[in-house]
Amino acid sequence: MIAIEKVKKLSKDKLGPVTLITGDDLGQFSQIKEEVLKIIAYDKDDLTYSYFDLSEGGYLEAEMDLLSLPFFADTKVVIFDHFLDITTQKKNYLKENELKSFESYLEKPLATTKLIIFAPGKLDGKRRIVKLLKRDAEVIEALPLKEAELRQYFQSKGKEIGLVFDSGVFDKILLKSNGDFSQMAKNLLFLKTYKGQGNITLEDVDEAIPKTLHDNIFDLSRFILQGSSDQVTELVHDLRLAGEDEIKLIAILLGQFRLYLQIKLLMQDGKNEQQIVLTLSDLMARRVNPYQVKFAIRDSQHLSVAYLERIVKVLIETDYQIKRGVNDKTYLFDLALLKLMIG
């Protein structure tokens, strides 16, 4: 069960002594945090709740509240927000002696206090305090979702709000959202606001979801491959009017075609989609989005390695010429686009 669904099983009356909300899928984490505060009916003016932002310091005051008995009810809820000391984010808001003191509390938490900890990020599993929390606390960890999980969750959410997706539509939403939980939620809201309810078509997605720069570059690369000079000219004109710089456009285009080339070469080595994601992640020293790879595989099927190598070379040379001031950057960029469409 994914974290966003696991949280629905929480209730204020059945909270344990310590509940930890964490995870490095920050979009999902934010939604879970909002849901938890609703479930416990948090009210900053209600004296049975105490809220402490640990990023602002003042742990001693928070600890005093944690250890004190409730006055207005049988139990009280104490919230520790932004507890980044227990994550890998290298934030040290608490002093070492304060962390030790908190560890002592975790060993024997008060039955009359319900502590909720919000710690966005990846837990630092090497720390003793984290081991204590994993052993004794109710831990809800927002981890990046697999494609099947993301599909199932948001298709279910779409159904809940009265949206039905035509064939291929959900794939397009995934691509536009870059597989990001938070962006998927926003894009579903755009579609709901635009359509109300009913069938969602590919045209609805284009109309309802605002285009990002990467969306426009994706369209530009598609027009280049199709040799659609009028559409290329029109889109480049719009991008320039929007204040986009040619060097930035070349960098994104280069990234797009370099990805196509890398994927073609890896596929020639017999690697499958999952292996390509892992290999590219190692090469780039960052987690490569699997949805980006999935659709890049689809879109590069008909492209040859030689053609992609030529495109990459033209873009690199143009970038070099612009930065060296060989000629006007507008002229050099337009010339590069012409070379790419010649074939």
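Glu103 and Arg128 form a salt bridge, with their closest N and O atoms 2.9 Å apart. The pair links distant parts of the chain: Glu103 belongs to helix H4 (residues 96-107) and Arg128 to helix H5 (residues 128-136), 25 residues apart. The model described here is predicted.

Glu103 counts as buried because its relative accessibility is 9%, under the 20% limit. Arg128, in contrast, is partly exposed, with a relative accessible area of 45%. Both residues also belong to a network of salt bridges that links Glu103, Glu107, Arg128, Arg135 and Asp136.

## Other salt bridges

The structure holds 23 salt bridges. One of them joins Arg151 to Glu147, where the closest N and O atoms are 3.0 Å apart. Arg151 and Glu147 both lie in helix H6 (residues 147-160), with four residues, or about one turn of the helix, from one to the other. Arg151 is buried at a relative accessible area of 19%, while Glu147 counts as partly exposed at 24%. The two fall into separate classes because the limit for buried is under 20%.

Lys211 forms a salt bridge with Asp219, and here the closest N and O atoms are 2.4 Å apart. Lys211 is partly exposed, its relative accessible area being 44%, whereas Asp219 counts as buried at 10% relative accessibility.

## Division into domains

The chain is divided into three parts: domain 1 covers 3-141, domain 2 covers 147-208 and domain 3 covers 213-341. Between the C-alpha centres of domain 1 and domain 2 the distance is 33 Å. Six residues from domain 1 and four residues from domain 2 take part in the contact between them.

No salt bridges are counted between domain 1 and domain 2. One residue pair is in polar contact across their interface. Helix H1 (3-6) and helix H2 (26-39) are the elements that give two or more residues to the side of domain 1 that touches domain 2. The largest share of that side, three residues, comes from H2. By class, the side of domain 1 that touches domain 2 has one nonpolar, three polar and two charged residues.

How values were computed: Residues numbered from 1 in each chain as written. Predicted model: local features only at pLDDT ≥ 70, side-chain atom pairs only at ≥ 80, totals over all residues. Heavy atoms only, no water. Domains from an automatic or database assignment. Contact = heavy atoms within 4.5 Å. Salt bridge = Lys/Arg side-chain N within 4 Å of Asp/Glu carboxyl O. Polar contact = N/O pair within 3.5 Å; in protein donor to acceptor, adjacent residues only side chain to side chain. Nonpolar A, V, L, I, M, F, W, Y, C, P; charged D, E, K, R; others polar. Buried < 20%, exposed > 50% of the residue type's maximum accessible area, 1.4 Å probe, protein only.
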